[in-house]
Amino acid sequence: VATLAAGDIFGEMAYFSREKRRNATVVANSDVVLRRISTEDFSKLPTINKIFKRIATRRMENQKE
């Protein structure tokens with residue numbers, strides 16, 4: 001369980017995990033503004049792909065601990 005703040009991301013692990021499945025459910029406690037980053041965005045913007053892959057890798061490593 002985690003509390004996210006402005007600028008935090010979630011859902012990136014589904015793009016980079018072997019199973020390609022999401023593994024979290026998110027519930028907002030207040031109104032939020034979201035930005036969906038599509039598979040097409042990842043293809044067009046390699047920098048975004050690199051950043052999100054780094055975040056996903058870090059989270060996968062933390063889950064093993």
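This is a predicted model: local features need pLDDT of at least 70, side-chain atom pairs count only at pLDDT 80 or more; totals for chains, interfaces and linings use all residues.
Reader: What makes the pattern of the protein α-α-α?

Author: The secondary structure comes to three helices and zero strands, and reading along the sequence gives the pattern α-α-α. Two of the helices, H1 (13–16) and H3 (46–64), will return below because each supplies at least two residues of the lining of the largest pocket.

Reader: Why is Val26 called partly exposed?

Author: Val26 has a relative accessibility of 43%. Buried would require under 20% and exposed over 50%, so at 43% Val26 falls in between and counts as partly exposed. Its place is in the loop between H1 and helix H2 (39–44).

Reader: What makes Leu4, Phe10, Val26, Val32 and Leu34 a nonpolar patch on the surface?

Author: A residue of a patch needs over 30% relative accessible area and no salt bridge, and nonpolar side chains are joined within 5 Å. Together, Leu4, Phe10, Val26, Val32 and Leu34 have about 470 Å² of accessible area.

Reader: Which residues lie nearest the centre of the largest pocket, and how many residues line it?

Author: The lining has 34 residues, and Leu4, Ile9, Phe10, Gly11 and Val26 lie nearest the centre. The volume of this pocket is about 1,500 Å³. By class, its lining has 20 nonpolar, eight polar and six charged residues.

Reader: How do you know that the lining of the second largest pocket has five charged residues?

Author: This pocket, with about 260 Å³ of space, is lined by Met13, Phe16, Ser17, Arg18, Glu19, Arg21, Arg22, Asn23, Met60, Gln63 and Lys64. Asp, Glu, Lys and Arg count as charged, and therefore Arg18, Glu19, Arg21, Arg22 and Lys64 are the charged residues of this lining. The other residues are three nonpolar and three polar ones.

Reader: Which helix gives the most to the lining of the second largest pocket?

Author: H3 gives the most, with three residues.

Reader: What share of the residues in the protein is buried?

Author: Buried residues make up 12% of the 65 residues.

Methods. Residues are numbered from 1 along each chain as its sequence is written. Side-chain values use heavy atoms; hydrogens and water are left out. On a 1 Å grid over the protein atoms alone, a cavity is a set of points where a 1.4 Å probe fits but cannot get out, and a pocket is an open set with protein on both sides within 12 Å along at least five of seven lines; lining residues have an atom within 4 Å of a point. Grid points are joined across faces, edges and corners, and a volume is the space filled by probe spheres set on the points. Helices (H or I, at least four residues) and strands (E, at least two) are DSSP runs, numbered from the N terminus. Patches are made of residues with over 30% relative accessible area and no salt bridge: like charges are joined within 9 Å, nonpolar side chains (Val, Leu, Ile, Met, Phe, Trp, Tyr) within 5 Å. Accessible areas come from the Shrake-Rupley method with a 1.4 Å probe; for residues, only the protein chains shown count as cover. A salt bridge is a side-chain nitrogen of Lys or Arg within 4 Å of a carboxyl oxygen of Asp or Glu. Buried means under 20% relative accessible area, exposed over 50%, partly exposed in between (1.4 Å probe, protein chains only).
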